[in-house]
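Here's a quick tour of a few local features worth a look. Have the model open and follow along.

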Amino acid sequence: MAVRLELKDAPQDSPDFDPMTAWIAGIGRDFTTILKDRPDSKTSFRHVAVIDDQRPIESIRDGRSRVWELPEAASGEGLDLKKMADFVASQHVDWDPRFFLLPVTPEAIRPDLTLFKSRDNQAIKRGGPPVVGIIDYAINMAHHRFRASDKTTRIARLWDQAGRPEPAGVMPFGRVWTASEIDQAIEDAGDDEEQILRALEQIDFGGGGHNPLARAASHGTHVLDLATGASGEDRASAPAIFAVNLPPIVARETTGAFLGICFLLGVDFILSQVRESAGSAPTLLNFSLALSGGPRSGRHILERALDGLIDTHRDLGGGPVTVLMAAGNRNLSQGHAVRTIPPQGGEAQFHWRLQPGDPSANMLDIWIALPQGESLGFLGLELAAPDGRRISEDFSKTAVGWIHAGDDVVGRVSLSQPGEFQDDKGGQKGLRLSIILAPTDPGQSGRAPAPPGRWTVTVGMDPGAELAAWVMRDDVVPGFGDTGRQSYLDDPTMPQRDERGALVQTDPVPPRSGLRRAGMMNALATGRRDHVICVGAAVGDSTTTRPGPFPAPYSSAPLPAGSTFGPNEKIACSAVADRSILRPGVAAAGAASGTRHMMNGTSVAAPRVLRALLEDHAFKSTDPAQADRRLGDEVLPLPDDG
């Protein structure tokens, strides 16, 4: 007999943490085998950083923002997040705190140090303005495509955020490799790239750790090569590079739960080093990872902090900054749906399908826009599991609850009124209802799974409220020792293929169901367009039925103009990331020097646009008669040798 489901309060939790971060750092740790079984993934959740999103650089510079090692914060159900929040508050932080858990190993953290004190003040001798910045994962800093004409490296600084602290102790976590250190490793090892990478602590076959640069391809190397890789005569004019290598778990945890602190400090590091070494040189910064959840109004805390970092960079004498961001690859993921509570009141319903054999937790975010000028009156939540078990709760009475199946926890529910979801006057505009369900395959953890199949989520509210649901990405990218199966929204009234069997890539007008393909854009790319360029992916070659270039099937689409949710979503331009439907991908550097590999996706399109801005490549204007909001205003074709 199935044990009934119950929703119980979780008073130890804190709404100041991202819901998925709270799950993973707490009970969710018990389900996550990779953190226990892989020597390089013994991630510490006892370190926290606080960032002021309005004054990010000043809060770092004057020492008010630092990395803290927390006192013992464990409880019977994982980490006691309230104790963590109370500890940070006791450090006399005098603004509304935003907490970020540091997803790096304890050995990588120096909690007594603030950011950033450089020990290498020599000016860059090669590569004139503009300079290139990249925040990515698995960048081969020894690759020959990132060398200057004299065979020395063009990478002026690389912060390996998961690296062991450098001997001089100038970083709070990880270590910075300078050009002179990279050149010394190259000189010592000659042409033996494996030895170079060993010296730079990028591979360690003896430690049983994660070695992405030992694979055929690595994401960061491929992306950086597309952005600014050079050989032969091109090396003489190739720009200097400032890079950040994200910790492995940031790339693995595709919900973005651990991205925040690493992304923000990575941007701050790059811009501060550019000011120090290249003065007012323009900076082109590529970020080819996407975030699937957020307010999508330009008011995500990471978007606001990015704005603050760039504004302060300019105030301190830095040059213009352009950030290239990937639009995301989730157009066909069935991850977004909208509903409206009728004028007479009633319910909104979403059908959420969890796949069997899924070792990753699944998350559904429902953003709720209340009628103008009104506050929350009633919110009833019902969760119906595939096996018929139900939870019915007046959820307006609690902030955080755990979903119990008897004595076992199989999920988490939270209702918050996030500050980032406000109108321009600061008035409360909406709510965020987050539902997290445990893996359907908990492995050898001994924990109870969430039942796979079709879950029904029913929200009852006062009349006129608009609801938009997004399924967070939770599959695991290739190269890691575990896997994840993506959950999705299920609506049989929305066809996935047309009468010829071809994939339907756009929503009908008017829509025939609540499920939407539009609206799956990168939630970090909805901010100010004066410095953020959101790039979509296109297919290059024409077909017998459609002339190219046209949007890649996976390339995410923005919400329609005037939407309540995501009013700032816009694809600025696109680049060809697939030669044709039958010949996907674009060739660029493999993980090792002398190798090539094919990759596709909007993460490939974004650095191609960065190179176009560097080298003044020609774009192709889209035909207004064939206008597609997924392509933007212009499309960058492949070069003749692409």
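## Two helices side by side

Which residues in α7 meet which in α11? Keep in mind that this is a predicted model. On the α7 side, the contact takes in His219, His222, Val223, Asp225, Leu226, Ala227 and Thr228. Facing them from α11 are Ser603, Val604, Pro607, Arg608, Leu610, Arg611 and Leu614. Sorted by class, that contact has 7 nonpolar, 4 polar and 3 charged residues.

As for geometry, helix α7 covers residues 219-228 and helix α11 covers residues 602-615; their axes come within 6 Å and cross at roughly 30°. Angles under 35 degrees count as roughly parallel, so α7 is roughly parallel to α11. The crossing of α7 past α11 is right-handed.

## Cysteines

You'll find 0 disulfides here. Take Cys534: the nearest cysteine sulfur belongs to Cys573 and sits 8.7 Å away. Cys534 counts as buried because its relative accessible area is 2%. Cys262 is buried too, at 0% relative accessibility.

Ala138 has a positive phi, near 65°, despite not being glycine, and Lys151 has a positive phi near 75°. Buried or exposed, then, for Lys151? Lys151 counts as exposed, at 59% relative accessibility, whereas Ala138 is buried at 5%.

Elsewhere, Val509 and Pro510 are joined by a cis peptide bond, with omega about -5°. Pro510 lies in the loop between β23 (488-489) and β24 (515-516).

Definitions and conventions
Residues numbered from 1 in each chain as written. Predicted model: local features only at pLDDT ≥ 70, side-chain atom pairs only at ≥ 80, totals over all residues. Heavy atoms only, no water. Axes fitted to C-alpha atoms, helices over the stretch in contact; angles between N-to-C directions. Helix = DSSP H or I, 4+ residues; strand = E, 2+ residues; numbered from the N terminus. Parallel < 35°, antiparallel > 145°, perpendicular 65-115°, else oblique. Left-handed = near helix turned anticlockwise from the far one by under 90°. Contact = heavy atoms within 4.5 Å. Nonpolar A, V, L, I, M, F, W, Y, C, P; charged D, E, K, R; others polar. Disulfide = S-S within 2.5 Å. Buried < 20%, exposed > 50% of the residue type's maximum accessible area, 1.4 Å probe, protein only.
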